Amino acid sequence: MNRTDMWRRVDAHPKAWDMIVVGGGATGVGVAIDAASRGYDVLLLEQSDFGKGTSSRSTKLAHGGVRYLEQGNIGLVMEALKERGLLLQNAPHIVHDLAFVVPNYDWWEAPFYGLGLKLYQLLAGKYGFGVSRILSREETLEHLPTLKTEGLRGGAVYYDGQFDDARLLIHMVATAFEHGAALLNYLEVTGLTKDAQGFVDGVSARDVETGNELRATAKVVVNATGAFSDLLRLKAEPSATPMIVPSQGIHLVLVSSFLQGDSAIMVPHTSDGRVLFAIPWHGHTLVGTTDTPVAEATLEPIAMDEEVDFILATAGQYLAKAPTRDDVLSVFAGIRPLVRVSGAASGVTNTAALSRDHVIHIDRSGLVTICGGKWTTYRHMAEDCVDQAATLAQLPEKPCVTRQLHIHGFPDSAKEHAPKEFGSLAVYGSDAYEIRRLIDSDARLGEPLHAALPYIKAEVVWAARHEMARTVEDTLARRTRALFLNARAAIAMAPAVADLMASEMGWDEVTRAKHLAAFREVASNFALRP
Ligand SMILES: Cc1cc2nc3c(=O)[nH]c(=O)nc-3n(C[C@H](O)[C@H](O)[C@H](O)COP(=O)(O)OP(=O)(O)OC[C@H]3O[C@@H](n4cnc5c(N)ncnc54)[C@H](O)[C@@H]3O)c2cc1C
(Lines give C-alpha, C1' and ligand atoms only; values in the text may rest on other atoms or scores of the structure.)
Protein backbone atom coordinates (compact mmCIF):
# COMPACT_ATOMS: atom_id res chain seq x y z
CA MET A 1 0.00 0.00 0.00
CA ASN A 2 1.48 3.33 -1.03
CA ARG A 3 0.44 6.64 -2.49
CA THR A 4 1.43 5.70 -6.04
CA ASP A 5 -0.87 2.64 -5.90
CA MET A 6 -3.68 4.81 -4.60
CA TRP A 7 -3.29 7.45 -7.32
CA ARG A 8 -3.15 4.71 -9.93
CA ARG A 9 -6.59 3.55 -8.76
CA VAL A 10 -7.95 7.09 -8.86
CA ASP A 11 -6.51 7.81 -12.32
CA ALA A 12 -7.88 4.51 -13.67
CA HIS A 13 -11.37 5.45 -12.48
CA PRO A 14 -12.77 8.02 -14.93
CA LYS A 15 -16.46 7.44 -14.11
CA ALA A 16 -18.47 8.35 -11.00
CA TRP A 17 -17.56 6.46 -7.82
CA ASP A 18 -20.35 4.64 -6.00
CA MET A 19 -19.31 6.46 -2.84
CA ILE A 20 -16.87 9.17 -1.80
CA VAL A 21 -16.05 9.27 1.90
CA VAL A 22 -14.63 12.47 3.37
CA GLY A 23 -12.52 11.93 6.52
CA GLY A 24 -9.91 9.30 7.31
CA GLY A 25 -10.59 8.58 10.97
CA ALA A 26 -12.15 5.44 12.44
CA THR A 27 -15.60 6.38 11.14
CA GLY A 28 -14.61 7.18 7.54
CA VAL A 29 -12.19 4.28 7.13
CA GLY A 30 -14.81 1.98 8.70
CA VAL A 31 -17.32 3.15 6.07
CA ALA A 32 -14.74 2.61 3.31
CA ILE A 33 -14.08 -0.97 4.50
CA ASP A 34 -17.78 -1.76 4.73
CA ALA A 35 -18.65 -0.33 1.30
CA ALA A 36 -15.60 -1.77 -0.50
CA SER A 37 -16.05 -5.23 1.00
CA ARG A 38 -19.67 -5.22 -0.20
CA GLY A 39 -18.35 -4.58 -3.70
CA TYR A 40 -19.01 -0.83 -4.12
CA ASP A 41 -16.26 1.38 -5.54
CA VAL A 42 -15.10 3.80 -2.94
CA LEU A 43 -12.80 6.79 -2.77
CA LEU A 44 -11.81 8.16 0.65
CA LEU A 45 -10.10 11.54 1.09
CA GLU A 46 -8.38 12.69 4.27
CA GLN A 47 -7.14 16.28 4.57
CA SER A 48 -4.19 15.41 6.79
CA ASP A 49 -2.89 11.99 7.84
CA PHE A 50 -5.13 9.01 8.58
CA GLY A 51 -6.01 9.33 12.27
CA LYS A 52 -4.66 12.87 12.65
CA GLY A 53 -8.01 13.84 14.21
CA THR A 54 -9.61 12.21 17.24
CA SER A 55 -8.98 8.62 16.20
CA SER A 56 -5.34 8.60 17.39
CA ARG A 57 -6.15 10.47 20.61
CA SER A 58 -8.60 8.16 22.37
CA THR A 59 -8.20 6.24 25.66
CA LYS A 60 -7.65 3.19 23.42
CA LEU A 61 -10.38 1.10 25.03
CA ALA A 62 -12.57 -1.31 23.11
CA HIS A 63 -15.31 -1.14 25.69
CA GLY A 64 -19.00 -1.19 26.35
CA GLY A 65 -18.61 1.81 28.64
CA VAL A 66 -19.34 1.15 32.32
CA ARG A 67 -20.34 4.81 32.59
CA TYR A 68 -23.12 4.43 30.03
CA LEU A 69 -24.47 1.54 32.09
CA GLU A 70 -24.72 3.91 35.06
CA GLN A 71 -26.54 6.36 32.79
CA GLY A 72 -29.01 3.58 31.95
CA ASN A 73 -28.07 3.45 28.24
CA ILE A 74 -28.29 -0.38 28.11
CA GLY A 75 -28.75 -0.42 24.30
CA LEU A 76 -25.49 1.43 23.69
CA VAL A 77 -23.62 -0.75 26.19
CA MET A 78 -24.89 -4.01 24.64
CA GLU A 79 -24.08 -2.86 21.12
CA ALA A 80 -20.60 -1.74 22.14
CA LEU A 81 -19.91 -4.97 24.06
CA LYS A 82 -20.80 -6.97 20.98
CA GLU A 83 -18.60 -4.78 18.79
CA ARG A 84 -15.78 -5.15 21.33
CA GLY A 85 -16.05 -8.92 20.85
CA LEU A 86 -16.05 -8.64 17.06
CA LEU A 87 -13.02 -6.35 17.18
CA LEU A 88 -11.06 -8.89 19.19
CA GLN A 89 -12.20 -11.65 16.84
CA ASN A 90 -11.18 -9.76 13.68
CA ALA A 91 -8.05 -7.92 14.88
CA PRO A 92 -6.50 -10.13 17.61
CA HIS A 93 -3.04 -8.75 16.78
CA ILE A 94 -4.05 -5.25 17.88
CA VAL A 95 -6.83 -5.74 20.45
CA HIS A 96 -6.43 -7.61 23.72
CA ASP A 97 -8.32 -7.97 26.97
CA LEU A 98 -7.29 -6.13 30.09
CA ALA A 99 -8.29 -6.37 33.78
CA PHE A 100 -9.73 -3.17 35.23
CA VAL A 101 -9.95 -2.76 39.00
CA VAL A 102 -12.31 -0.35 40.74
CA PRO A 103 -10.67 0.28 44.14
CA ASN A 104 -13.13 0.53 47.06
CA TYR A 105 -12.58 2.93 49.95
CA ASP A 106 -16.20 3.02 51.27
CA TRP A 107 -18.23 0.09 52.64
CA TRP A 108 -21.02 0.40 50.05
CA GLU A 109 -18.73 0.37 47.01
CA ALA A 110 -17.98 -3.38 46.91
CA PRO A 111 -21.64 -4.53 46.66
CA PHE A 112 -22.59 -1.57 44.43
CA TYR A 113 -19.81 -1.91 41.86
CA GLY A 114 -19.64 -5.70 42.23
CA LEU A 115 -23.28 -5.96 41.13
CA GLY A 116 -23.01 -3.36 38.37
CA LEU A 117 -19.91 -4.98 36.90
CA LYS A 118 -21.54 -8.42 37.02
CA LEU A 119 -24.39 -6.96 34.94
CA TYR A 120 -21.79 -5.46 32.56
CA GLN A 121 -20.25 -8.92 32.16
CA LEU A 122 -23.64 -10.58 31.58
CA LEU A 123 -24.70 -8.01 28.95
CA ALA A 124 -21.74 -9.11 26.82
CA GLY A 125 -23.28 -12.59 26.48
CA LYS A 126 -21.18 -14.79 24.24
CA TYR A 127 -18.83 -11.85 23.54
CA GLY A 128 -17.68 -11.80 27.19
CA PHE A 129 -14.02 -11.03 28.00
CA GLY A 130 -13.70 -12.37 31.56
CA VAL A 131 -15.51 -12.92 34.84
CA SER A 132 -15.90 -9.87 37.05
CA ARG A 133 -15.78 -10.32 40.81
CA ILE A 134 -15.25 -8.60 44.13
CA LEU A 135 -11.63 -8.58 45.38
CA SER A 136 -10.26 -8.60 48.91
CA ARG A 137 -7.85 -5.86 49.94
CA GLU A 138 -4.88 -8.19 49.34
CA GLU A 139 -6.13 -9.27 45.91
CA THR A 140 -6.68 -5.63 44.96
CA LEU A 141 -3.08 -4.83 45.84
CA GLU A 142 -1.86 -7.87 43.91
CA HIS A 143 -3.52 -6.38 40.81
CA LEU A 144 -2.44 -2.82 41.64
CA PRO A 145 0.68 -2.76 43.84
CA THR A 146 1.06 1.03 43.55
CA LEU A 147 -2.44 1.85 44.83
CA LYS A 148 -2.82 4.13 47.89
CA THR A 149 -3.40 1.72 50.79
CA GLU A 150 -4.79 4.17 53.35
CA GLY A 151 -8.49 3.36 53.84
CA LEU A 152 -8.45 0.74 51.06
CA ARG A 153 -11.10 -1.94 51.71
CA GLY A 154 -10.87 -4.00 48.51
CA GLY A 155 -12.00 -3.69 44.93
CA ALA A 156 -13.95 -5.12 42.03
CA VAL A 157 -12.35 -6.45 38.86
CA TYR A 158 -13.89 -6.55 35.38
CA TYR A 159 -12.52 -7.03 31.87
CA ASP A 160 -12.56 -4.83 28.80
CA GLY A 161 -10.52 -4.49 25.62
CA GLN A 162 -7.49 -2.33 24.87
CA PHE A 163 -5.93 -1.48 21.53
CA ASP A 164 -3.57 0.89 19.74
CA ASP A 165 -5.95 3.25 17.96
CA ALA A 166 -3.69 4.70 15.23
CA ARG A 167 -2.19 1.27 14.50
CA LEU A 168 -5.61 -0.31 14.15
CA LEU A 169 -6.61 2.53 11.85
CA ILE A 170 -3.67 2.06 9.48
CA HIS A 171 -4.45 -1.67 9.33
CA MET A 172 -8.04 -0.72 8.53
CA VAL A 173 -6.83 1.52 5.67
CA ALA A 174 -4.90 -1.48 4.35
CA THR A 175 -8.04 -3.65 4.70
CA ALA A 176 -10.14 -1.19 2.67
CA PHE A 177 -7.36 -1.01 0.06
CA GLU A 178 -7.25 -4.81 -0.19
CA HIS A 179 -10.99 -4.75 -0.94
CA GLY A 180 -10.52 -2.30 -3.80
CA ALA A 181 -11.00 1.13 -2.20
CA ALA A 182 -8.73 4.08 -3.01
CA LEU A 183 -7.77 6.04 0.10
CA LEU A 184 -5.63 9.19 -0.02
CA ASN A 185 -4.21 11.13 2.88
CA TYR A 186 -3.27 14.80 2.43
CA LEU A 187 -6.25 15.43 0.13
CA GLU A 188 -8.43 18.18 1.58
CA VAL A 189 -12.03 18.38 0.39
CA THR A 190 -12.54 22.07 -0.31
CA GLY A 191 -15.98 21.99 -1.90
CA LEU A 192 -18.97 19.86 -2.83
CA THR A 193 -20.38 19.81 -6.33
CA LYS A 194 -24.09 19.50 -7.12
CA ASP A 195 -26.16 18.24 -10.03
CA ALA A 196 -28.88 20.21 -11.83
CA GLN A 197 -31.44 19.25 -9.14
CA GLY A 198 -29.20 20.57 -6.36
CA PHE A 199 -28.08 17.17 -5.05
CA VAL A 200 -24.47 16.66 -4.00
CA ASP A 201 -22.78 14.63 -6.73
CA GLY A 202 -19.08 14.95 -5.96
CA VAL A 203 -16.23 16.84 -4.37
CA SER A 204 -13.43 19.16 -5.26
CA ALA A 205 -10.26 18.55 -3.30
CA ARG A 206 -6.75 19.98 -2.98
CA ASP A 207 -3.68 17.79 -2.92
CA VAL A 208 -1.91 19.28 0.10
CA GLU A 209 1.48 18.02 -1.16
CA THR A 210 1.32 19.45 -4.70
CA GLY A 211 -1.46 22.03 -4.56
CA ASN A 212 -3.15 20.28 -7.51
CA GLU A 213 -6.91 20.09 -7.62
CA LEU A 214 -8.86 16.83 -7.82
CA ARG A 215 -12.48 16.70 -8.92
CA ALA A 216 -14.39 13.48 -8.45
CA THR A 217 -18.05 12.58 -8.80
CA ALA A 218 -20.02 9.99 -6.87
CA LYS A 219 -23.52 8.58 -6.50
CA VAL A 220 -23.34 9.48 -2.82
CA VAL A 221 -20.94 11.49 -0.64
CA VAL A 222 -20.46 10.51 3.01
CA ASN A 223 -19.30 13.14 5.47
CA ALA A 224 -17.22 11.37 8.14
CA THR A 225 -15.24 14.38 9.28
CA GLY A 226 -15.90 13.91 13.01
CA ALA A 227 -15.71 17.15 14.95
CA PHE A 228 -15.51 19.02 11.61
CA SER A 229 -18.82 17.61 10.30
CA ASP A 230 -20.69 20.91 10.39
CA LEU A 231 -18.05 22.68 8.28
CA LEU A 232 -18.61 20.24 5.41
CA ARG A 233 -22.39 20.35 5.85
CA LEU A 234 -22.24 24.15 5.52
CA LYS A 235 -20.48 23.74 2.17
CA ALA A 236 -23.52 21.80 0.94
CA GLU A 237 -26.15 23.91 2.66
CA PRO A 238 -25.17 27.30 4.10
CA SER A 239 -28.27 27.30 6.34
CA ALA A 240 -27.61 23.86 7.91
CA THR A 241 -28.23 23.75 11.67
CA PRO A 242 -25.08 22.71 13.58
CA MET A 243 -25.11 19.15 14.95
CA ILE A 244 -21.76 18.87 16.70
CA VAL A 245 -20.86 19.89 20.23
CA PRO A 246 -17.05 19.61 20.38
CA SER A 247 -15.69 18.43 23.70
CA GLN A 248 -12.00 18.08 24.53
CA GLY A 249 -10.46 15.19 26.42
CA ILE A 250 -6.80 14.93 27.38
CA HIS A 251 -4.46 12.15 28.52
CA LEU A 252 -1.16 12.18 30.35
CA VAL A 253 1.49 9.53 29.80
CA LEU A 254 3.71 8.63 32.76
CA VAL A 255 6.48 6.08 33.27
CA SER A 256 5.28 2.52 33.90
CA SER A 257 6.32 2.53 37.58
CA PHE A 258 3.14 4.45 38.44
CA LEU A 259 1.16 1.35 37.61
CA GLN A 260 3.12 -1.83 38.13
CA GLY A 261 1.45 -5.02 36.99
CA ASP A 262 -0.89 -5.69 34.09
CA SER A 263 -4.14 -4.24 35.44
CA ALA A 264 -5.74 -0.84 34.96
CA ILE A 265 -7.42 1.40 37.53
CA MET A 266 -10.94 2.61 36.86
CA VAL A 267 -12.19 5.46 39.04
CA PRO A 268 -15.95 5.50 38.52
CA HIS A 269 -16.65 8.98 39.95
CA THR A 270 -14.26 11.89 39.72
CA SER A 271 -15.13 15.25 41.24
CA ASP A 272 -16.52 16.37 37.84
CA GLY A 273 -18.78 13.33 37.57
CA ARG A 274 -16.72 11.40 35.03
CA VAL A 275 -14.65 8.24 35.06
CA LEU A 276 -10.85 8.28 35.10
CA PHE A 277 -8.61 5.48 33.87
CA ALA A 278 -4.96 4.72 34.59
CA ILE A 279 -3.94 2.07 32.08
CA PRO A 280 -0.74 0.23 31.18
CA TRP A 281 -0.04 1.01 27.51
CA HIS A 282 3.07 0.11 25.50
CA GLY A 283 5.19 -0.07 28.67
CA HIS A 284 3.92 3.28 30.01
CA THR A 285 1.01 4.49 32.14
CA LEU A 286 -1.80 6.32 30.33
CA VAL A 287 -4.08 8.46 32.53
CA GLY A 288 -7.24 10.23 31.40
CA THR A 289 -9.52 11.76 30.53
CA THR A 290 -11.37 15.08 30.78
CA ASP A 291 -14.56 16.34 29.11
CA THR A 292 -14.27 20.08 28.47
CA PRO A 293 -16.64 21.84 26.06
CA VAL A 294 -14.66 23.86 23.50
CA ALA A 295 -15.85 26.54 21.09
CA GLU A 296 -14.57 24.85 17.95
CA ALA A 297 -12.64 21.85 16.73
CA THR A 298 -9.01 22.15 15.70
CA LEU A 299 -6.73 19.48 14.22
CA GLU A 300 -4.04 20.01 16.85
CA PRO A 301 -5.92 20.70 20.10
CA ILE A 302 -3.81 21.68 23.10
CA ALA A 303 -4.26 20.44 26.67
CA MET A 304 -5.32 23.17 29.08
CA ASP A 305 -3.43 23.64 32.36
CA GLU A 306 -6.64 23.04 34.35
CA GLU A 307 -7.12 19.69 32.61
CA VAL A 308 -3.56 18.63 33.38
CA ASP A 309 -3.90 19.70 37.03
CA PHE A 310 -7.23 17.89 37.34
CA ILE A 311 -5.84 14.58 36.07
CA LEU A 312 -2.70 14.83 38.23
CA ALA A 313 -4.78 15.64 41.32
CA THR A 314 -7.30 12.84 40.71
CA ALA A 315 -4.59 10.26 39.97
CA GLY A 316 -2.79 11.42 43.13
CA GLN A 317 -5.85 10.50 45.22
CA TYR A 318 -5.44 6.85 44.21
CA LEU A 319 -1.73 6.29 43.63
CA ALA A 320 0.74 5.76 46.50
CA LYS A 321 3.11 8.22 44.80
CA ALA A 322 1.23 11.20 43.43
CA PRO A 323 2.45 12.14 39.91
CA THR A 324 3.59 15.70 39.27
CA ARG A 325 4.10 17.71 36.08
CA ASP A 326 7.75 16.54 36.06
CA ASP A 327 6.57 12.94 35.67
CA VAL A 328 4.59 13.63 32.49
CA LEU A 329 6.34 12.19 29.41
CA SER A 330 3.63 13.22 26.97
CA VAL A 331 0.26 14.96 26.97
CA PHE A 332 -2.26 14.73 24.16
CA ALA A 333 -5.69 16.18 23.53
CA GLY A 334 -8.54 15.01 21.31
CA ILE A 335 -11.95 16.39 20.39
CA ARG A 336 -15.09 14.28 20.81
CA PRO A 337 -17.56 14.77 17.99
CA LEU A 338 -20.59 14.65 20.29
CA VAL A 339 -24.01 15.11 18.75
CA ARG A 340 -26.27 17.90 19.98
CA VAL A 341 -29.59 16.80 21.47
CA SER A 342 -32.16 18.19 19.05
CA GLY A 343 -33.55 21.47 20.30
CA ALA A 344 -30.73 21.97 22.82
CA ALA A 345 -29.41 25.47 23.27
CA SER A 346 -26.05 26.24 21.70
CA GLY A 347 -24.08 26.77 24.93
CA VAL A 348 -23.80 23.19 26.25
CA THR A 349 -21.86 23.18 29.52
CA ASN A 350 -21.96 19.50 30.56
CA THR A 351 -20.76 17.49 27.60
CA ALA A 352 -20.18 14.42 29.83
CA ALA A 353 -23.96 13.99 29.90
CA LEU A 354 -24.34 14.01 26.10
CA SER A 355 -25.06 10.70 24.39
CA ARG A 356 -22.31 8.66 22.73
CA ASP A 357 -24.83 7.12 20.30
CA HIS A 358 -24.06 7.67 16.65
CA VAL A 359 -26.26 9.66 14.30
CA ILE A 360 -26.72 9.40 10.54
CA HIS A 361 -28.13 12.58 9.13
CA ILE A 362 -29.10 13.18 5.51
CA ASP A 363 -29.23 16.83 4.49
CA ARG A 364 -31.68 18.05 1.85
CA SER A 365 -28.74 18.15 -0.54
CA GLY A 366 -28.29 14.38 -0.13
CA LEU A 367 -25.02 14.71 1.82
CA VAL A 368 -24.90 11.81 4.30
CA THR A 369 -23.24 12.73 7.61
CA ILE A 370 -22.22 10.08 10.13
CA CYS A 371 -21.00 11.31 13.49
CA GLY A 372 -20.93 10.60 17.21
CA GLY A 373 -20.50 7.02 18.36
CA LYS A 374 -17.26 5.53 19.60
CA TRP A 375 -14.13 3.95 18.23
CA THR A 376 -15.39 0.62 19.56
CA THR A 377 -18.58 0.79 17.51
CA TYR A 378 -17.04 1.94 14.21
CA ARG A 379 -18.01 -1.30 12.40
CA HIS A 380 -21.66 -1.11 13.38
CA MET A 381 -21.77 2.62 12.57
CA ALA A 382 -20.32 1.87 9.12
CA GLU A 383 -22.85 -0.88 8.46
CA ASP A 384 -25.69 1.47 9.34
CA CYS A 385 -24.25 4.28 7.24
CA VAL A 386 -23.59 2.20 4.13
CA ASP A 387 -27.10 0.68 4.34
CA GLN A 388 -28.61 4.16 4.29
CA ALA A 389 -26.20 5.67 1.77
CA ALA A 390 -26.72 2.76 -0.64
CA THR A 391 -30.50 3.12 -0.41
CA LEU A 392 -30.27 6.86 -1.01
CA ALA A 393 -27.97 6.40 -4.02
CA GLN A 394 -30.03 3.49 -5.35
CA LEU A 395 -26.95 1.27 -5.45
CA PRO A 396 -27.63 -2.43 -6.03
CA GLU A 397 -28.38 -4.06 -2.69
CA LYS A 398 -25.36 -5.91 -1.27
CA PRO A 399 -25.13 -7.38 2.23
CA CYS A 400 -22.65 -6.21 4.85
CA VAL A 401 -19.83 -8.72 5.40
CA THR A 402 -17.71 -7.01 8.06
CA ARG A 403 -18.83 -9.11 11.05
CA GLN A 404 -16.48 -11.85 9.93
CA LEU A 405 -13.97 -9.69 8.04
CA HIS A 406 -10.38 -9.98 9.24
CA ILE A 407 -8.45 -6.76 9.61
CA HIS A 408 -5.14 -6.55 7.72
CA GLY A 409 -2.34 -8.29 9.61
CA PHE A 410 -4.66 -10.94 11.05
CA PRO A 411 -2.37 -13.83 11.95
CA ASP A 412 -3.55 -16.46 9.50
CA SER A 413 -1.36 -19.48 10.11
CA ALA A 414 -0.71 -21.53 13.22
CA LYS A 415 2.84 -20.15 13.28
CA GLU A 416 1.71 -16.59 13.01
CA HIS A 417 -0.70 -17.12 15.88
CA ALA A 418 2.15 -16.70 18.33
CA PRO A 419 3.04 -13.05 17.71
CA LYS A 420 4.57 -12.70 21.21
CA GLU A 421 7.90 -13.79 19.71
CA PHE A 422 7.95 -10.45 17.88
CA GLY A 423 7.98 -8.38 21.07
CA SER A 424 7.00 -4.81 20.30
CA LEU A 425 6.50 -5.67 16.60
CA ALA A 426 3.56 -7.94 17.54
CA VAL A 427 1.03 -5.16 16.84
CA TYR A 428 1.92 -5.41 13.15
CA GLY A 429 0.44 -8.93 13.07
CA SER A 430 1.54 -10.80 9.95
CA ASP A 431 3.43 -7.69 8.73
CA ALA A 432 5.94 -8.31 11.54
CA TYR A 433 7.43 -11.04 9.29
CA GLU A 434 7.98 -8.48 6.53
CA ILE A 435 9.63 -6.06 8.94
CA ARG A 436 11.88 -8.88 10.13
CA ARG A 437 12.81 -9.53 6.49
CA LEU A 438 13.87 -5.88 6.12
CA ILE A 439 16.23 -6.35 9.05
CA ASP A 440 17.53 -9.62 7.57
CA SER A 441 18.45 -7.74 4.40
CA ASP A 442 20.09 -4.84 6.28
CA ALA A 443 21.08 -5.42 9.89
CA ARG A 444 21.37 -1.67 10.56
CA LEU A 445 17.58 -1.44 10.30
CA GLY A 446 17.36 -3.48 13.51
CA GLU A 447 18.99 -0.63 15.47
CA PRO A 448 16.83 1.17 18.06
CA LEU A 449 15.95 4.82 17.51
CA HIS A 450 16.01 5.81 21.19
CA ALA A 451 16.93 4.01 24.41
CA ALA A 452 13.63 4.98 26.11
CA LEU A 453 11.35 3.52 23.41
CA PRO A 454 11.17 0.15 21.64
CA TYR A 455 11.09 1.50 18.06
CA ILE A 456 13.66 0.44 15.46
CA LYS A 457 14.77 1.91 12.13
CA ALA A 458 13.02 -0.79 10.09
CA GLU A 459 9.64 0.53 11.28
CA VAL A 460 10.37 3.92 9.71
CA VAL A 461 11.26 2.31 6.38
CA TRP A 462 8.15 0.12 6.57
CA ALA A 463 5.93 3.12 7.36
CA ALA A 464 7.28 5.11 4.40
CA ARG A 465 7.15 2.21 1.94
CA HIS A 466 3.92 0.45 2.88
CA GLU A 467 1.85 2.52 5.31
CA MET A 468 1.59 5.86 3.52
CA ALA A 469 3.55 7.84 6.11
CA ARG A 470 4.30 11.11 4.35
CA THR A 471 5.87 13.20 7.10
CA VAL A 472 8.15 12.78 10.11
CA GLU A 473 5.08 13.42 12.26
CA ASP A 474 3.09 10.62 10.58
CA THR A 475 5.87 8.18 11.48
CA LEU A 476 6.53 9.37 15.03
CA ALA A 477 2.92 10.05 16.05
CA ARG A 478 0.75 7.47 14.27
CA ARG A 479 2.83 4.66 12.62
CA THR A 480 4.92 4.35 15.77
CA ARG A 481 3.44 5.97 18.89
CA ALA A 482 6.68 7.62 19.99
CA LEU A 483 5.25 11.14 20.26
CA PHE A 484 2.31 9.92 22.34
CA LEU A 485 4.54 7.93 24.69
CA ASN A 486 7.47 10.24 25.27
CA ALA A 487 7.54 13.62 23.54
CA ARG A 488 11.16 14.47 24.37
CA ALA A 489 12.40 11.06 23.19
CA ALA A 490 10.39 11.52 19.97
CA ILE A 491 11.99 14.95 19.41
CA ALA A 492 15.42 13.39 19.93
CA MET A 493 14.62 10.59 17.43
CA ALA A 494 13.30 12.96 14.77
CA PRO A 495 16.57 13.71 12.89
CA ALA A 496 17.31 9.98 12.43
CA VAL A 497 13.71 9.40 11.30
CA ALA A 498 13.99 12.35 8.87
CA ASP A 499 17.20 10.86 7.43
CA LEU A 500 15.59 7.48 6.84
CA MET A 501 12.46 9.03 5.34
CA ALA A 502 14.50 11.38 3.15
CA SER A 503 16.26 8.45 1.52
CA GLU A 504 12.98 6.51 1.10
CA MET A 505 11.00 9.45 -0.28
CA GLY A 506 13.78 11.24 -2.17
CA TRP A 507 13.55 14.44 -0.06
CA ASP A 508 16.22 17.05 -0.64
CA GLU A 509 17.82 18.84 2.33
CA VAL A 510 15.28 21.69 2.25
CA THR A 511 12.32 19.29 2.35
CA ARG A 512 13.93 17.24 5.10
CA ALA A 513 14.48 20.40 7.19
CA LYS A 514 10.91 21.54 6.55
CA HIS A 515 9.47 18.21 7.80
CA LEU A 516 11.71 18.27 10.84
CA ALA A 517 10.69 21.82 11.77
CA ALA A 518 7.00 21.00 11.29
CA PHE A 519 7.35 17.97 13.53
CA ARG A 520 9.12 19.94 16.26
CA GLU A 521 6.33 22.49 16.28
CA VAL A 522 3.62 19.85 16.74
CA ALA A 523 5.73 17.92 19.26
CA SER A 524 6.12 20.98 21.47
CA ASN A 525 2.40 20.67 22.31
CA PHE A 526 2.96 17.11 23.61
CA ALA A 527 5.85 18.03 25.91
CA LEU A 528 4.50 19.49 29.13
CA ARG A 529 6.33 22.54 30.35
CA PRO A 530 7.40 22.06 34.01
C1 LIG B 1 -10.37 11.92 24.79
C2 LIG B 1 -11.15 10.88 24.05
C3 LIG B 1 -11.10 9.56 24.47
C4 LIG B 1 -11.82 8.58 23.78
N5 LIG B 1 -11.70 7.29 24.17
C6 LIG B 1 -12.37 6.32 23.52
C7 LIG B 1 -12.19 4.97 23.89
O8 LIG B 1 -11.40 4.63 24.75
N9 LIG B 1 -12.91 4.04 23.21
C10 LIG B 1 -13.79 4.37 22.23
O11 LIG B 1 -14.44 3.48 21.72
N12 LIG B 1 -13.94 5.65 21.82
C13 LIG B 1 -13.24 6.63 22.44
N14 LIG B 1 -13.35 7.94 22.04
C15 LIG B 1 -14.20 8.25 20.90
C16 LIG B 1 -13.48 7.99 19.57
O17 LIG B 1 -12.13 8.34 19.64
C18 LIG B 1 -14.17 8.80 18.48
O19 LIG B 1 -15.55 8.51 18.50
C20 LIG B 1 -13.63 8.46 17.09
O21 LIG B 1 -12.22 8.49 17.07
C22 LIG B 1 -14.18 9.45 16.09
O23 LIG B 1 -13.66 9.12 14.83
P24 LIG B 1 -14.06 9.97 13.54
O25 LIG B 1 -13.52 9.25 12.39
O26 LIG B 1 -15.52 10.24 13.57
O27 LIG B 1 -13.33 11.37 13.76
P28 LIG B 1 -11.81 11.76 13.47
O29 LIG B 1 -10.87 10.72 13.92
O30 LIG B 1 -11.60 13.12 14.03
O31 LIG B 1 -11.72 11.79 11.89
C32 LIG B 1 -12.26 12.82 11.10
C33 LIG B 1 -11.25 13.12 10.02
O34 LIG B 1 -11.86 13.96 9.06
C35 LIG B 1 -10.81 14.74 8.49
N36 LIG B 1 -11.38 15.90 7.79
C37 LIG B 1 -12.04 16.95 8.33
N38 LIG B 1 -12.39 17.81 7.37
C39 LIG B 1 -11.95 17.30 6.18
C40 LIG B 1 -11.99 17.74 4.83
N41 LIG B 1 -12.56 18.90 4.49
N42 LIG B 1 -11.43 16.97 3.86
C43 LIG B 1 -10.85 15.77 4.18
N44 LIG B 1 -10.76 15.33 5.47
C45 LIG B 1 -11.32 16.09 6.45
C46 LIG B 1 -9.98 15.13 9.72
O47 LIG B 1 -8.66 15.53 9.35
C48 LIG B 1 -10.02 13.85 10.54
O49 LIG B 1 -8.86 13.04 10.35
C50 LIG B 1 -12.61 8.93 22.69
C51 LIG B 1 -12.66 10.27 22.25
C52 LIG B 1 -11.90 11.22 22.91
C53 LIG B 1 -11.90 12.63 22.44
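**Loops, hairpin and helix contacts**

User: Where is Tyr186 placed?

Analyst: Tyr186 sits in the loop between β7 (182–184) and β8 (187–194), where strands (E, at least two residues) and helices (H or I, at least four residues) are DSSP runs numbered from the N terminus. This is a predicted model, in which local features need pLDDT of at least 70 and side-chain atom pairs count only at pLDDT 80 or more, while totals for chains, interfaces and linings use all residues. Residues are numbered from 1 along each chain as its sequence is written, and side-chain values use heavy atoms, with hydrogens and water left out.

User: OK, and what about the phi of Tyr186?

Analyst: The phi of Tyr186 is near 60°, which is a positive value in a residue other than glycine. Most residues other than glycine have a negative phi, and most peptide bonds are trans.

User: Which residues does a cis peptide bond join?

Analyst: Gly288 and Thr289 are joined by a cis peptide bond, with omega at about 20°. Thr289 belongs to the loop between β14 (284–288) and β15 (292–293).

User: Switching to strands, in which sense do β17 and β18 pair?

Analyst: Strand β17 (residues 358–362) pairs with strand β18 (residues 368–372) in the antiparallel sense, over five bridges; strands pair if DSSP finds at least two bridges between them. His361 has Thr369 in β18 as its bridge partner.

User: And how many residues are between β17 and β18?

Analyst: Five residues lie between β17 and β18, which form a hairpin, and in the turn Gly366 has a positive phi of about 90°.

User: How many aromatic pairs does the structure hold?

Analyst: The structure holds twelve aromatic pairs, counted where ring centres of Phe, Tyr and Trp (its six-membered ring) lie within 6.5 Å, with planes under 30 degrees apart called stacked, over 60 edge-to-face and the rest tilted. One of them is formed by Phe100 and Tyr158, whose ring centres are 5.4 Å apart with planes at 25°, so this pair is stacked. Phe100 lies in strand β4 (residues 95–104) and Tyr158 in strand β6 (residues 154–163), so the pair ties together parts that are 58 residues apart in sequence.

User: Now helices: at what angle do the axes of α2 and α7 cross?

Analyst: The axes of helix α2 (residues 26–38) and helix α7 (residues 165–178) cross at roughly 25° and come within 9 Å; axes are lines fitted to C-alpha atoms over the stretch in contact, and angles run from 0 to 180 degrees between N-to-C directions. The two helices, α2 and α7, are therefore roughly parallel to each other, a label for angles under 35 degrees, with over 145 roughly antiparallel, 65 to 115 roughly perpendicular and the rest oblique.

User: Which residues of α2 and α7 make the contact?

Analyst: From α2 they include Val29, Ile33 and Ala36, and from α7 they include Leu169, Met172 and Val173, contact meaning heavy atoms within 4.5 Å.

User: What about α13 and α16, at what angle do they cross?

Analyst: Helix α13 (residues 472–479) and helix α16 (residues 509–523) have axes that come within 8 Å and cross at roughly 40°, which makes α13 oblique to α16. Val472, Glu473 and Leu476 in α13 meet His515, Phe519 and Val522 in α16.
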